[in-house]
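Dear colleague,

Please find the structure below, handed over for your files.

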Amino acid sequence: MTKAAEENQTQPTQEAPGSAAVASPPPGAPVSTTPADAGPPRPGKRLPRVESLTGLRWWAAFFVFCHHMTQLAPLPIYDFLKYGTSGVTFFFVLSGFVLTWSSQPGTKISTFYRRRFARIFPLYFLTLILAIFVFYRFEPPAGMSWIKPVSMTVLVASAFLVQGWSNNPTVLYGGNPAGWTLSVEAFFYAYFPFVWRATQRLKTIGGLILCVSVIVLGGAYRLALFHYKADVPVLPQPVLHSVAFLFGIGLAISLRSGWKPRIPVWFAFLVTGGGLYLLWYSGAHPTQVPGAVTMGLCQKEVLTLLYGFLILAVAARDTRGGRSVLRSKPMVALGQWSYAFYLVHATILYAIKEQHGVAGPIGWSNLTWYAGVLVISIFASWLLYKFVEHPLERKLRGPR
């Protein structure tokens with residue numbers, strides 16, 4: 001899961017390419033604004049805060065949580081909740097957007113890498129250790145497929161965030177099963193400074209062309225892989241998900257250049273929710289929806305468009321100074337804790353499942369389980385953020 005969106009909580013500083021440091025009022029304070037017709041920012045001028053994206057990130061993490069909870073306490077809509085996995089696509093688009101939105105020239109690439117390491121790795125490594133006790137045994141018990149035999153190769157790959165380069169599920173989801181997305185993010189961080197330098201001269205149209213180009217290329221690859229399986233290689237996850245990351249970069253370039261589309265946020269939520277429903281319905285009833293097969297094959301690209309549209313609407317509103325529940329103190333706090341929440345909730349969930357088993361038959365009564373596990377996971381996330389993630393990041397970031 002992306003940590004980029006939290007960068008806008010740090011104090012003002014001349015930040016590395018791709019950091020998101022901006023002036024930091026108390027969480028939930030009104031975002032600083034500029035006039036909507038102010039045009040592109042002057043070199044060195046800081047952009048308006050887009051703090052609503054921190055609150056929005058919580059809802060993406062919660063959607064992932066709802067999907068994972070179907071393994072413990074299935075609801076009647078469990079088939080739709082499988083789209084909770086699409087939350088990671090949201091995180092990848094968000095990562096590209098926020099890193100680009102808040103980038104400032106003038107610092108070394110090595111500084112950017114050090115601060116990215118400080119941002120994601122300490123908490124990731126701790127939750128990896130915790131996950132080993134839940135997901136691994138030297139002699140896995142029968143009937144618990146999520147518990148795997150100890151493999152030092154898989155665990156070392158997970159520790160160094162290279163598991164995402166394998167399409168073998170045992171390796172890809174090794175260690176902390178949520179960690180594969182951090183492996184993908186590490187790849188994004190590796191090449192972002194070079195993309196940032198290469199795209200600094202792009203304006204609104206250039207950013208939008210980048211968005212369209214990566215969507216077309218991504219969709220073309222998915223269709224080619226389906227029709228020419230013997231000839232088209234299967235790319236690793238970090239490369240495949242670069243479509244979402246680069247799409248987010250293109251959106252941020254366009255907004256940085258002064259484009260501020262007036263998209264009602266309620267409408268963006270409606271489009272995103274409707275799009276998710278259409279994806280589910282077309283998958284469940286492919287003969288009733290024109291283009292259902294193509295839509296299913298290009299699902300990641302469709303999701304990138306949907307989540308990019310939502311991020312664009314929310315960010316554009318923040319730049320105009322519009323009111324936002326997503327910037328409220330509770331939402332910003334949950335957004336700050338969402339990285340820890342994402343990394344720890346499955347470990348908690350499966351630890352409970354090992355001791356208790358599946359909660360029961362499919363039914364709405366299982367919502368009580370959702371509430372209970374959610375409270376435990378949020379509390380654990382707060383502890384991890386307050387006593388591990390935030391203090392260690394501050395120590396490891398180095399001098400400003």
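**Findings**

Val-156 lies in helix α5, which spans residues 152–159 (helices are DSSP runs of H or I with at least four residues, numbered from the N terminus). The model is predicted, so local features need pLDDT of at least 70 and side-chain atom pairs count only at pLDDT 80 or more, while totals for chains, interfaces and linings use all residues. Residues are numbered from 1 along each chain as its sequence is written, and side-chain values use heavy atoms, with hydrogens and water left out.

Val-156 has a relative accessible area of 40% and is therefore partly exposed (buried means under 20%, exposed over 50%, partly exposed in between, with a 1.4 Å probe and protein chains only).

Gln-237, found in helix α9 (residues 237–240), is buried, with a relative accessible area of 17%. Beyond its neighbours within four places in sequence, Gln-237 is in contact with Gly-164, Asn-167, Leu-172, Trp-180 and Val-184 (contact means heavy atoms within 4.5 Å).

The count of salt bridges comes to 7 (a side-chain nitrogen of Lys or Arg within 4 Å of a carboxyl oxygen of Asp or Glu). One of them joins Arg-49 and Glu-51 at 2.7 Å, N to O; Arg-49 is buried at 3% relative accessibility, and Glu-51 is buried at 0%. Another pairs Asp-79 with Lys-82, whose closest N and O atoms are 3.9 Å apart. Here Asp-79 is partly exposed at 33%, as is Lys-82 at 40%.

Methods:
Helices (H or I, at least four residues) and strands (E, at least two) are DSSP runs, numbered from the N terminus.
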